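I opened this one to see what the coordinates would give up. My notes follow in the order I looked things up.

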Amino acid sequence: TSQRLSEIATYVFYTQNGQLGVLGDHVIYGPSANWYLLGKFKIENYPLDYFGVGSYTQAEPIAVISSNTFNIRERLLKRTYNNLFIGLEIDYQQINNPQFDWKSSIQNPNLPNGYLGSNNLGSGLGLVWDSRKNPINSRKGSLFEVAYLYYPKIFARSHPMKSIYIDGRWYQPISGNKVFATQVYANFNWGDVPFNQMAVIG
């Protein structure tokens, strides 16, 4: 009971329209929590509403994108002081054969970067403060992560780019089984960014 909880959570869905998804999160601690793996993955065959990019964004979807996607992000972190961890982060993003079903009113649409599909592998450094004892079902503590990732030209459909991730969370029990939780998340990308890795609003 003195150790932090290692957890693996997986969610699978299948719809009557043949849409399939497998999603998972995991936090795995080593002895005395001096090392830990923090990661998530997603495999999906699910349509995505497309609103455009930048100044071309519309209030309503202008297309529906059908594709197979696979994403995995993993951090290997070592404790340096108290609840402060530092380590390597790896992120792989893949979207296969995206098909754009444009609205009939859209003529000569602007095809986004990566419209033929993309395979992007990025790596970099992450700095994490994590005082949560129960990371996937947190009741108390905080998490703050800042990471820098570089995605080089490795595969035929790689898109060289760079990313900065910032994720801050704070949990505080109020009374009984009630918990007050807050999160601030930011993602900054620059370079040859494919549409499926562009930062989104919401």
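First entry, burial: 36% of the 202 residues in the protein count as buried, where buried means under 20% relative accessible area, exposed means over 50%, and partly exposed is in between (1.4 Å probe, protein chains only). I am working with a predicted model, so local features need pLDDT of at least 70 and side-chain atom pairs count only at pLDDT 80 or more, while totals for chains, interfaces and linings use all residues. Residues are numbered from 1 along each chain as its sequence is written, and side-chain values use heavy atoms, with hydrogens and water left out.

**Overall layout**

I looked up the secondary structure next and got 0 helices and 10 strands. Helices (H or I, at least four residues) and strands (E, at least two) are DSSP runs, numbered from the N terminus. Read from the N terminus, the elements go β-β-β-β-β-β-β-β-β-β. Along the principal axes, the C-alpha atoms fill a box of roughly 60 × 40 × 30 Å.

**Salt bridges**

How many salt bridges does the structure hold? I got 6, counting a side-chain nitrogen of Lys or Arg within 4 Å of a carboxyl oxygen of Asp or Glu.

I started with Arg73 and Glu89, a salt bridge whose closest N and O atoms are 2.7 Å apart. This pair links distant parts of the chain, with Arg73 in strand 5 (residues 63-81) and Glu89 in strand 6 (residues 84-102), 16 residues apart. Are the two residues buried or exposed? Both Arg73 and Glu89 are buried.

Arg73 also meets the side chain of Glu145 in a salt bridge, at 3.5 Å from N to O. Glu145 sits in strand 8 (residues 141-151) and Arg73 in strand 5, so this pair ties together parts 72 residues apart in sequence. I checked burial here too: Glu145 is buried at 3% relative accessibility, and Arg73 is buried with a relative accessible area of 7%.

Then I followed Glu89, which forms a salt bridge with Arg75, the closest N and O atoms being 3.7 Å apart. Glu89 is in strand 6 and Arg75 in strand 5, so the pair ties together parts that are 14 residues apart in sequence. Glu89 comes out at 0% relative accessibility and counts as buried; Arg75 is buried as well, with a relative accessible area of 7%. Put together, salt bridges that share partners join Arg73, Arg75, Glu89 and Glu145 into one network.

**Second largest pocket**

I asked for the second largest pocket and got about 170 Å³ of space. On a 1 Å grid over the protein atoms alone, a pocket is an open set of points where a 1.4 Å probe fits, with protein on both sides within 12 Å along at least five of seven lines; lining residues have an atom within 4 Å of a point. Grid points are joined across faces, edges and corners, and the volume is the space filled by probe spheres set on the points.

Which residues lie nearest the centre of this pocket? Out of 13 lining residues, they are Gly52, Tyr56, Ile62, Pro109 and Asn110. By class, the lining has 8 nonpolar, 5 polar and no charged residues. For those classes, Ala, Val, Leu, Ile, Met, Phe, Trp, Tyr, Cys and Pro count as nonpolar, Asp, Glu, Lys and Arg as charged, and the others, Gly among them, as polar.

**Nonpolar patch**

Ile8 belongs to strand 1 (residues 7-14) and is exposed, with a relative accessible area of 66%.

**Positive phi**

Last, I went through backbone angles. Most residues other than glycine have a negative phi. Asn82 has a positive phi, near 50°; this residue is in the loop between strand 5 and strand 6 and counts as partly exposed at 43% relative accessibility. Asn97 has a positive phi too, near 45°, but lies in strand 6 and counts as exposed at 54%.
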